[in-house]
Amino acid sequence: MFGSLGDIFRLPDLKRRIFFTLFILFIFRLGAYIPSPGVNRAAMAALFSTSEGGVMDFLNLFSGGALSRFGIFSLGVAPYINSSIVMQLLVVIFPYLEKLQKDGTDGPKKITQWTRYGAVVFAVVQAIGMTAWLGSLGIMQGGFLDWMLVVITLVTGSVAVMWLGEELSDHGVGNGISLLIFAGIVARIPEAILQTWNMVRLGSMSVIGLLVGIVLMVVVVAGCILLQEGQRRLPVQYAKRVVGNKIYGGQSTFIPLKVNQSGVIPIIFASSLLIFPYTIANYFSESAAGRFISALFAPNSFFYILCYVALIIFFSYFYTAVVFNPTDIANNMKKYGGFILGIRPGQPTSDYITRVMERITLGGAVFLAVIALIPNLMSSVLRINSFYFGGTAVLIVVGVAMDTINQIEAQLLMRHYDGILKKSGGGRRGLLRG
C-alpha cells in the first residue's frame, strides 16, 4: 500500500493534480475563518452554543464551521447544489432542455451556465434570509447599507466557492463540489472528538454511550462501503464473429449494475433541498408561519425525516435515470453480437435491464436512507450530540473518499502501476474497482 502511495508522486500529472486539490481545499478552509463585516461574534458564538445538535449545528456542519464564525463562505455550496437540482428537474420536464443537453458540447455548456446563474439567485435569497434573521436576533450590527454589505459579501463568497469547486473538478482529483463538502465535514471531526472527550470527562456522557456511538459509527462506515461496492452482475454471452481472417467473440462476461448507482448525490441533494425552506422561513421569523415552517423542517423532526427519506429515494431513481441508459447498453450489445441468456437482443434486453435496475435501485435507496438515519435517531436516544456529524456526513465522507481513491487508482492502473490497495497474494485490486 505504501509503495503504491509512493507511485502517485512518480507521475508528474497526477502529482500536480493532487497538490492543486490540496491548495484549493486550503483556500476553502481559509475562507471559513475570514469573518463577514458587521457581526457580533460573541452573540454568534452564544447562538451556536445553545443549538448543539439543532438546525444551526446542522447548517454549520456543511459549511465546515464557517457559519458559526459567519465567514465569507458561510453559504458554502448549498446555492449551487439547489440550482443543480432545479436545473436537472427542468431538463427532465422540458424536451427543449433535454435536447439541448444532448446537443454536443455547446448544449451542456449552456446548461452549466444557466445553473451558475441560478446559483447566484439562490445565494441572494439565502443571504437575505440569513441576514434578516440574524438582524432580528440582534447579532447583525449597523443599518441598511451594512446589511447590504453583508449580503454582497455572502453572495460573493458563494460564487467563489462555486468557482473553486469547478476548478477542482477540472484540474484536481475527484468531484470538486463533493470534495469541498468533504473538507468541511472532516474539518469538524477534531472538534467533535474533543467535545466528546469533555462530555465523558465531565460525566454528561457515559462510557457505555461512547462505546455504543463508536460501534454505531463503525457500522455506518461498513454499511456505506458495502453499499458503494454492491453490484448485480448480469451474465452476457458474445457470439463468435468472423471478420476477415480473425474470429471475435465467443466469450462470456457480465454487466455490473451497481446497487447504488448515484453514490452520495441523493444525500447531498436531499440535505441541501431541505435546508432551503428553513432559510426562507428565517426571513419571516417574526410571523407565526415562519416559526411553524422552521420547526417543521428542523432536523430530527418527524416531517423532516419523512421528507428526507422520500427525497433520498426519489433522487436515487432520478440520478440513476440520468447517468444510466439501458437502451444504449442493449444497442451496443446487439451491435457486437452480445445477448443475455434467455432474453432477446434489442428492446427486450433494454426492458429487462430497466426492470433489474429499478429493483436494485429501490433496495439501494432504502438502505441508503436507513444508514443516513440510524446515527441521527440514535443521537436523539443516546444524547450523543458530538456525534451529530454521523449518518449523512459519514456517508458523504466515505463515499467521496472512495470515489477519490477510485479516480487516483484508475490513473495509476492506466500507467501500469498497482492500485492504492493490493490484494494479499498478488493481483491488482484497489479499494474500488474502476
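**A walk from sheet to helices**

Helix α16 (residues 326-335) lies across β1, β4 and β5, and runs at about 125 degrees to β5. This is a predicted model, so let's take the strands under that helix as our way in.

The three strands form an open sheet in the order β4-β1-β5, and the pairing is antiparallel. At the edges sit β4 (252-258) and β5 (338-340), each of which pairs on one side only. From one strand to the next, the twist averages 40 degrees. Zoom in on β1 (residues 231-238) and β5: these two run antiparallel and are joined by 3 bridges.

Now for a helix pair. Helix α6 (residues 78-93) packs against helix α15 (residues 302-323) with the axes 12 Å apart and an angle of about 60 degrees. That angle makes α6 oblique to α15, and the crossing is left-handed. Which residues of α6 meet α15? They are Ile85, Gln88, Leu89 and Val92, and on the α15 side they meet Phe314, Phe315, Phe318 and Tyr319. The spacing has a simple background: an α-helix has 3.6 residues a turn, so residues three or four places apart point the same way.

Last stop, helix α8 (residues 106-136). Its 31 residues, at 1.5 Å a residue, should span 45 Å, and because the end C-alpha atoms are 46 Å apart, the model agrees with that expectation. After α8 comes Gly138, with a positive phi near 80 degrees.

Methods. Residues are numbered from 1 along each chain as its sequence is written. This is a predicted model: local features need pLDDT of at least 70, side-chain atom pairs count only at pLDDT 80 or more; totals for chains, interfaces and linings use all residues. Side-chain values use heavy atoms; hydrogens and water are left out. Helices (H or I, at least four residues) and strands (E, at least two) are DSSP runs, numbered from the N terminus. The expected span of a helix is 1.5 Å times one less than its number of residues. Two strands pair if DSSP finds at least two bridges between them. Axes are lines fitted to C-alpha atoms, for helices over the stretch in contact, and angles run from 0 to 180 degrees between N-to-C directions. Contact means heavy atoms within 4.5 Å. Angles under 35 degrees count as roughly parallel, over 145 as roughly antiparallel, 65 to 115 as roughly perpendicular and the rest as oblique. A crossing is left-handed if the near helix is turned anticlockwise from the far one by less than a right angle, and right-handed if clockwise.
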